[in-house]
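Visitor: I've got a fold to look over and some questions about it. Could you put it up and walk me through?

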Amino acid sequence: MTWDTINVGTHFDQESSVFVAPRRGVYSFNFHVVKAYNRQTIQVNLMVNGWPMISAFAGDQDVTREAATNAGLVILEKGDKAYLRLEKGNLMGGWKFSTFSGFLVFPL
């Protein structure tokens, strides 16, 4: 089965996995990232223009498949770039079992 990405406005670049803000505003982002192995910790950051804005951790040593999940509101300027960065650990199937979504809550 193939899953298509919903990309209204085409502001998410599927090649680079980077969202580029089309306008200044408050954006809501959420992500869910699955780790691959027990006895490891993963750390994932929502990055904006190279700076970590929101972090998530999963570190239960006895669980093989655990998710690091977080969400938050971020003010972005037009052209700002938002993306996920794996800081520590290994993912289950790469990014295949992970989600990243965002939307404009209201313009500023």
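Visitor: Which residues have the most contacts inside the largest nonpolar core?
Guide: A nonpolar core here is a set of buried Ala, Val, Leu, Ile, Met, Phe, Trp, Tyr and Cys residues joined through side-chain atoms within 4.5 Å, where buried means under 20% relative accessible area, exposed over 50% and partly exposed in between, with a 1.4 Å probe and protein chains only. The largest one has 20 residues, and the best connected inside it are Phe19, Phe29, Phe31, Val33, Leu46, Val74 and Leu76.

Visitor: What should I know about the model and its numbering?
Guide: It's a predicted model, so local features need pLDDT of at least 70 and side-chain atom pairs count only at pLDDT 80 or more, while totals for chains, interfaces and linings use all residues. Side-chain values use heavy atoms, with hydrogens and water left out, and residues are numbered from 1 along each chain as its sequence is written.

Visitor: Which strands each supply at least two residues of this core?
Guide: Strands are DSSP runs of E with at least two residues, numbered from the N terminus. By that count, the suppliers of at least two core residues each are S3, S4, S5 (51–58), S6 and S7.

Visitor: Leaving aside neighbours within four places in sequence, which residues is Val74 in contact with?
Guide: Contact means heavy atoms within 4.5 Å. With those sequence neighbours set aside, Val74 touches Gly25, Val26, Tyr27, Phe29, Leu46, Val48, Met53 and Ile54.

Visitor: In what order do the 3 strands of the open sheet come?
Guide: Two strands pair if DSSP finds at least two bridges between them; S3 (residues 25–34) and S8 have 8 and run antiparallel. S6 (67–76) and S8 (99–107) stand at the edges with a single partner strand each, so one side of each lacks a neighbour in the sheet. The order is therefore S6-S3-S8.

Visitor: Which residue in S8 stands opposite Ser28?
Guide: S3 and S8 are joined by those 8 bridges. Across from Ser28 you'll find Phe103.

Visitor: How far apart are the closest N and O atoms in the salt bridge of Glu77 with Arg24?
Guide: A salt bridge is a side-chain nitrogen of Lys or Arg within 4 Å of a carboxyl oxygen of Asp or Glu, and the whole structure has 1. Glu77 sits in the loop between S6 and S7 (81–88), and Arg24 in the loop between S2 (18–20) and S3, 53 residues apart. Glu77 is partly exposed at 36% relative accessibility, and Arg24 is partly exposed at 37%. The closest N and O atoms are separated by 2.9 Å.

Note on methods:
Helix = DSSP H or I, 4+ residues; strand = E, 2+ residues; numbered from the N terminus.
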